[in-house]
Amino acid sequence: MRLLNVLVVLLGTLSSIHVNGAIVPPAWADPARNPCAARPGGWQLLFWQPLQQCFRIFQLGFPCPDTMELSPSPSGVGAECRCPPGTAQSPLTTNCHRLFAREPCDAGQFFAPRPDPVGKTAGKTSHGRWGVCRSPSECGSGEIFWPPDGKCYGKLTRGPCPRGKLLTEGKDGLAECQCADSGHLAPFFHLADELCYEHFTRGPCAEGELFLPTGDCGCRRNLPQFHRESGECFELDTTGPCPLGHVFQVEEDGTEAKCKCREGSVLWPDDGACYRAFTRGPCESGQFLIAANATCVMNPCAKGELFFPTDSSCHRIGTQGPCDLNAVVVFDFTARPSIDGVSYNGVCGCAGIVTTLSQTCSEREPQASACRGSPGMAEVAGECHKLYSRGPCGPGEWLVPSKGSIGRATCACKPEYKRFEAANGVRGCHAPSVGIARYLNRRIQSKAQKIAFKQRTSQ
């Protein structure tokens, strides 16, 4: 694997550096700098000055410390010991440790990269990355902190995990991506492919079906994910059965999900698609789409200027324009250029320059409602949460709209889940016992079939 990385580095270097049409090899392939390069297969060898010997590139251990590997020096002359990718050196142990794991830190902490070198313990043989112990940030109820990106995600959701794994708390107290056919992950285990999926997402299922708590793929009319027109079920907040630019979301009262234009988009009657306002969308060159009457207008702004719809004015990027003190005209970063196209909508953002008064551009009046104008969201204890997600609820629960109170929600058991209250006061909902029994029965049958097959083939 590491030799493959060498090839990638070599080919990347060869393809990116050209002098007068000739390809310049990497520094360590020059025999004048690396005596080992003159030998057969010399591109895989590095010269280690202390022993006057050649060693294989990226070799782990000797002549380096056990946890380090031999790497080319930045100058191309000689070699040095560095921590392998995905690891960093700890000033506590001087060894290399895996990033975002517990070791060598105390319980509840994780090992994170630190950009600047620490101390002088590295000497002349180690100029690699250093790490430091950090504590996870506080997350909301039902959430867990993910060290690699510093964000909070819902427990037992896919979050940042690869397909087939869910985010849960590991034995060291840190978040891990796991899948298992026992314990708290058993209700999410799919027997056919032996992977784990969130309930009420598409998961391993066919188009129009959801992965249900029973362990099966199906669709139920009583689910908020049910689409009346097609008679199928689709995951919320995805494109689902919707046309271009739409998203499948629940109504504000939470009764059912429908196709809606994504926030900031405009319905174009001619093709039924939704396009981001203030982008070209379906318009001619030099025009952009405005929300009023879904019409195309000529872009009145010069190059380097953005449009402010409140007074139909144009202002140059980086100037104060119509913005408050310490705010400047910036791009609308909520628009996705690769999907929506370039946005000509101007917004006010922080200037990034601290004045002598130490004022900031974030001093604004708070919104009257945390979820005002956000479809598919509801307010709980002053915070905004997505409907039909766990939010602040207990295990096995999700947020459903409160009857008679638009924009607010309450915790309820997911369909087919059963309410429980433990002796320690923890409340929640168990996955359906029928589904678990069915899963266990299938597992027993599967094992019996495998044993019978082995017996037949061995005769």
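Author: A disulfide is taken here as a pair of cysteine sulfur atoms within 2.5 Å. The model is predicted, so local features need pLDDT of at least 70 and side-chain atom pairs count only at pLDDT 80 or more, while totals for chains, interfaces and linings use all residues. Residues are numbered from 1 along each chain as its sequence is written, and side-chain values use heavy atoms, with hydrogens and water left out.

Reader: How many disulfides does this rule give?

Author: The count comes to 14 disulfides. One of them joins Cys-139 and Cys-152, whose sulfur atoms are 2.0 Å apart.

Reader: What is the handedness of the disulfide between Cys-139 and Cys-152?

Author: The torsion about its S-S bond is about -80 degrees, so the Cys-139 and Cys-152 disulfide is left-handed. Cys-139 lies in the loop between strand S10 (130–134) and strand S11 (143–146), and Cys-152 in strand S12 (residues 151–154), so the pair ties together parts that are 13 residues apart in sequence. Strands (E, at least two residues) and helices (H or I, at least four residues) are DSSP runs, numbered from the N terminus.

Reader: Which handedness does the link of Cys-179 and Cys-196 have?

Author: The link of Cys-179 and Cys-196 is right-handed, with 80 degrees about the S-S bond. This pair links distant parts of the chain, 17 residues apart: Cys-179 is in the loop between strand S14 (175–178) and strand S15 (189–190), and Cys-196 is in strand S16 (residues 195–196). The sulfur atoms of Cys-179 and Cys-196 are 2.2 Å apart. Cys-179 is partly exposed, with a relative accessible area of 26%, whereas Cys-196 is buried at 1%.

Reader: Where do Cys-261 and Cys-274 lie?

Author: Cys-261 is in strand S22 (residues 257–261) and Cys-274 in strand S24 (residues 273–276), a link between distant parts of the chain that are 13 residues apart. Their sulfur atoms are 1.9 Å apart, and the link is left-handed, with -65 degrees about the S-S bond. Cys-261 counts as partly exposed at 26% relative accessibility, while Cys-274 is buried at 5%.

Reader: Which residues does His-97 touch?

Author: A contact means heavy atoms within 4.5 Å. Not counting residues up to four places away in sequence, His-97 touches Gly-86, Thr-87, Ala-88, Ser-90, Glu-103, Pro-104 and Phe-111. His-97 belongs to strand S8 (residues 96–98) and counts as buried because its relative accessibility is 13%.

Reader: Where is Asp-216 found?

Author: Asp-216 is in the loop between strand S17 (210–211) and strand S18 (217–218). Its relative accessibility of 18% places Asp-216 among the buried residues. The C-alpha atoms of Asp-216 and Cys-205 are separated by 8.6 Å, the two residues being 11 residues apart along the chain.

Reader: What are the overall figures for the protein chain?

Author: The protein chain has three helices and 36 strands, and buried residues make up 37% of its 459 residues. Among the contacts with a separation of 6 or more, 31% are between residues 24 or more positions apart.

How values were computed. Buried < 20%, exposed > 50% of the residue type's maximum accessible area, 1.4 Å probe, protein only.
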